[in-house]
Amino acid sequence: MKRSRPSPGSRSKPRATRAKYDCLDVLTGDEARIVLNELLSSHPDLIPDARRAANALLATVSFADVAADVLGALLALNLDDLDAGPRPGGYVEPSEAAWNVIEKVVTPYFHDLERRVKLRHEDEACEICKGIVLGLYCAEHRGFELLEYAEDSPPELAGHAVETWRRRRRDWTFPRNFVEKYTPNWAWLVR
């Protein structure tokens, strides 16, 4: 039996090669932590290098980036996020529900601030704190949907951020030049 040759226009195109994936590229955060722990357990001589890499990673923070993230998270809130009304345990007031949602949004930034304070990463902790304060300040002045239900939340949360930052250094004051330049209506932060 004779095979017919495909006509030039009907030739099949070469198959696209599949991208090669490395298993390390697709690990989840928990999986990566397990791999790192295993690696460091079996090679303790790598621990100083791992610490240097971790400290370098933690040092890459800017208050402007944190502020933009905080502001974006608050501006993304809308009335659909407000979980007010009757509940099995009673009635949840709109102001309480708004506070809960706003706190939930900024909690990851407070956790980041707290871990840097615990590590005594002074400069990075200050950057995170300034970012939280500036993000809250901008959100208050720009306005966001849930602000009308929790008007005092931005300054109160900003005060909490400063107190967290000062936890290990009671004699320090929040940077006056930062407040004067970026949050002038919150001069009370440096008192």
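A contact here means heavy atoms within 4.5 Å. The model is predicted, so local features need pLDDT of at least 70 and side-chain atom pairs count only at pLDDT 80 or more, while totals for chains, interfaces and linings use all residues. Residues are numbered from 1 along each chain as its sequence is written, and side-chain values use heavy atoms, with hydrogens and water left out.

**Whole chain.** Colour by secondary structure, taken as DSSP runs numbered from the N terminus (helices: H or I, at least four residues; strands: E, at least two). The protein chain has seven helices and two strands, in the order α-α-α-β-β-α-α-α-α from the N terminus. Of its 191 residues, 34% are buried; buried means under 20% relative accessible area, exposed over 50%, and partly exposed in between (1.4 Å probe, protein chains only). Among contacts with a separation of 6 or more, 71% join residues 24 or more positions apart.

**Stop 1: Trp188.** Select Trp188, in the segment after α7 (176-182). Trp188 is partly exposed, at 34% relative accessible area. Leaving aside residues up to four places away in sequence, Trp188 touches Pro155 and Gly159. Gly159 is 29 residues from Trp188 in sequence, and their C-alpha atoms are 8.9 Å apart.

**Surface.** Switch to a surface view. Accessible areas come from the Shrake-Rupley method with a 1.4 Å probe, and for residues only the protein chains shown count as cover. The accessible surface of the chain is about 13,200 Å², 52% of it from carbon and sulfur atoms. Patches consist of residues with over 30% relative accessible area and no salt bridge, joining like charges within 9 Å and nonpolar side chains (Val, Leu, Ile, Met, Phe, Trp, Tyr) within 5 Å. A salt bridge is a side-chain nitrogen of Lys or Arg within 4 Å of a carboxyl oxygen of Asp or Glu. Lys and Arg count as positive, Asp and Glu as negative; His and the chain ends are not counted. Each charge is placed at NZ of Lys, CZ of Arg, CG of Asp or CD of Glu.

**Stop 2: negative patch.** Select Asp80, Asp81, Glu145, Glu148, Glu151, Asp152 and Glu156, which form a negative surface patch. Glu148 sits in the loop between α5 and α6 (153-165) and is exposed, at 58%.

**Stop 3: positive patch.** Lys118, Arg120, Arg167 and Arg168 make up a positive patch. Arg120 lies in the loop between α4 (94-118) and α5 (122-142); because its relative accessibility is 53%, Arg120 counts as exposed.

**Stop 4: nonpolar patch.** Finish with Leu24, Leu27 and Val35, a nonpolar surface patch of about 230 Å². Leu24 belongs to the segment before α1 (29-42) and is exposed, with a relative accessible area of 53%.
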